[in-house]
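Please consider the following protein model, shown here with its sequence.

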Amino acid sequence: MFQEIYECKDCHSLWWIKTRGTGDPRSTYPEYYEQTAERFDDQRSELIRNPSVSGILAHKNSLFPYAFFEEILEILSQTEAEALKTLYLERDSSLPTTVKRWLLQWYQKSFPDEFQEIQTKGFPSSAIPLFTLDQNESVIVSEFIAKDQFAFLSSQEEKYYLQAYDLTQKKILWKVTIRKPFLEGLQIPILFYQSGYLCSYQGFQKGSEYFSKLNRPDTLCIYDLEGKLILSILLAFQCYEILSTEERDVSENRISHNFCFTILGETLYLPHQSEIHVYDLKSGKRIRSIGLPKFEIFSGKAFETESGNILFHTLKGILGIDSSGEIIFQYLSSYHPVFIDSQYQLYYYYAKVESANTGETIEFKKTHDSGISLVRELASIPVEFPGGVYLSFALDGSLLLNSQWETIKEFPFSATDTLGPHSFGVAKTPVIVTEDRIIITNDFSGIYMIDFLGNVFLERSIQSEVLSVFTFDGKHSIIILSFHDDFSDKEEIELFLLSPNGDFIAEKKLPGPQGLSVSFDGICVFAKNNQMFSLDLFSSEESK
């Protein structure tokens, strides 16, 4: 009945006849040929004699001939179709690969309508259809702009649209035609909400014939929340890259892009060569330019102090101006920091910290078993929290520091390496801070949650890439992983919703990251083909 399995006519025991070798065994001198016999134990023999789905689950890690599970599933498809259907829908990742592939092909053939619904909608059964676009129109990305409203970019052949949808009114509020969004090159958000405005990167500047990461957008568009275009700014192709050998002991490779910007109130601050261009978002006009001394470059990050002064983070330090635009403070480092915190402390790739207030410096070193002490390298950008900073190091753990650079706690885990010498200045953020927690992610390694005292609330191993991690309400966090198994012939994503204490409230498998965003109330919207769906992540019905 089964290949490679034979029954002894005398004792009726079941045997696995294993054959291996090269060449023709019928030849007088085969290159190599071996045949052995292994007797099945009583438990495995019971599954062979009486096939069942429960038996497959009990013996999913047992040794059988390669084609055995496919052969037994063919038998069960005639007698236990409902049990096999349940087995497919449960998507047990620990099942043998041959079982997963057989179930996928069988389910697709036996239940074509249900399979098509899953392909259209994703696996969550309570996902609610929101709207259907034209047959050849698809959603690229979405972004919540209010509690119950989200904007989204869509494409239809060579046309592109920016639209907004209201979850309460269940209708599209407005729709405008736009230029082609920036889709080829640096992995940056192309539609996002900032300080009451909707921002979009459009157009394309080719940076290299061979390396797509040098491609960048050529236009920044700022819209109000009604879809009215306020500003359309052409971005000159420009980035500032530091590779000088004399700085490699501290800086390694730092890059600043001219499309990073900050909106404070109704004012936009945008880098332009060694100037800061300032735009009034009421009138949509540029009101002034601020020249930076010593040909410094604005990084795009600006902050307003309690006294009304504006602090700009530059490529080598900090610049302060007053309300009249006069320079009142500048700190210029000899090197290029990767991060500047609220206490004016500068952090470098090779883990050195420098205070702009006192000039004091500290290096973070690790002494190895050989007795050699080496400066550590930062894996990703430091993350500031109330009372201190979290530092993740390449290869060898991480530190939680207080505001005096004293170690609160050292951890054996770290974050995804995003600051290596081949980074391009725009990288995903593997670590985020909520109200009282720090969530750390590391590709193909793990997810961790700690509090500000260093207590560990969560450690979970993962075997895939972390696509993004964010919080939608300042308390709960969302982690999105790439996902692929043999139950599907398409790439999908896995979405985790974590409570403030590190509990997994929801675990979802969704069609992909297209059009995915989450509202303040935990309503997740996502796209599949030309349809948009919503899903309540806090619904107990969909907790798994």
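The largest nonpolar core contains 33 residues, and those that touch the most other members are Leu162, Leu198, Tyr201, Leu220, Ile222, Phe261 and Leu268. A nonpolar core is here a set of buried Ala, Val, Leu, Ile, Met, Phe, Trp, Tyr and Cys residues joined through side-chain atoms within 4.5 Å. Another core, of 29 residues, lies apart from it and includes Leu14, Ile56, Leu84 and Leu87. The model is predicted, with local features needing pLDDT of at least 70 and side-chain atom pairs counting only at pLDDT 80 or more, whereas totals for chains, interfaces and linings use all residues. Residues are numbered from 1 along each chain as its sequence is written, and side-chain values use heavy atoms, with hydrogens and water left out.

The overall description comes next. The protein has 544 residues, of which 51% count as buried; buried means under 20% relative accessible area, exposed over 50%, and partly exposed in between, with a 1.4 Å probe and protein chains only. Its secondary structure comes to six helices and 43 strands, where helices (H or I, at least four residues) and strands (E, at least two) are DSSP runs numbered from the N terminus. Along the principal axes, the C-alpha atoms fill a box of roughly 100 × 65 × 50 Å. Among contacts with a separation of 6 or more, 43% are between residues 24 or more positions apart; a contact means heavy atoms within 4.5 Å. The protein exposes about 26600 Å², and carbon and sulfur atoms supply 48% of this area, computed by the Shrake-Rupley method with a 1.4 Å probe, where for residues only the protein chains shown count as cover.

Leaving out residues up to four places away in sequence, Phe115 touches Tyr88, Leu104, Tyr107 and Gln108. Phe115 and Leu104 are eleven residues apart in sequence, and their C-alpha atoms are 9.3 Å apart.

Leu231 belongs to strand S12 (residues 229-234). With a relative accessible area of 5%, Leu231 is buried. Beyond residues up to four places away in sequence, Leu231 touches Leu220, Cys221, Ile222, Leu268, Tyr279, Leu281 and Gly284; Leu220, Ile222 and Leu268 are among the residues named above for the largest nonpolar core. The C-alpha atoms of Leu231 and Ser126, 105 residues apart along the chain, are separated by 40 Å.

Strand pairing can be followed in two places. Two strands pair if DSSP finds at least two bridges between them. An open sheet of four strands has the order S23-S24-S25-S26 with antiparallel pairing. Strand S23 (339-340) and strand S26 (361-363) are its edge strands, each pairing on one side only. Within the sheet, strand S24 (residues 345-347) and strand S25 (residues 352-355) pair in the antiparallel sense over three bridges, and Gln345 has Ser355 in S25 as its bridge partner.

Strand S31 (residues 398-402) and strand S32 (residues 407-411) run antiparallel and are joined by four bridges, with Leu401 opposite Thr407 in S32. Four residues lie between the strands of this hairpin, and Trp405 takes a positive phi near 70 degrees there. Trp405 is not a glycine, and it counts as buried because its relative accessible area is 9%.

Which other residue has a positive phi although it is not a glycine? Lys294 does, at about 55 degrees, and it lies in the loop between strand S18 (285-291) and strand S19 (298-304). Lys294 counts as exposed because its relative accessibility is 66%.

A further loop residue is Ser519, between strand S41 (517-518) and strand S42 (523-528). Ser519 counts as buried because its relative accessibility is 2%. Its contacts, not counting residues up to four places away in sequence, are Phe144, Lys147 and Phe472.
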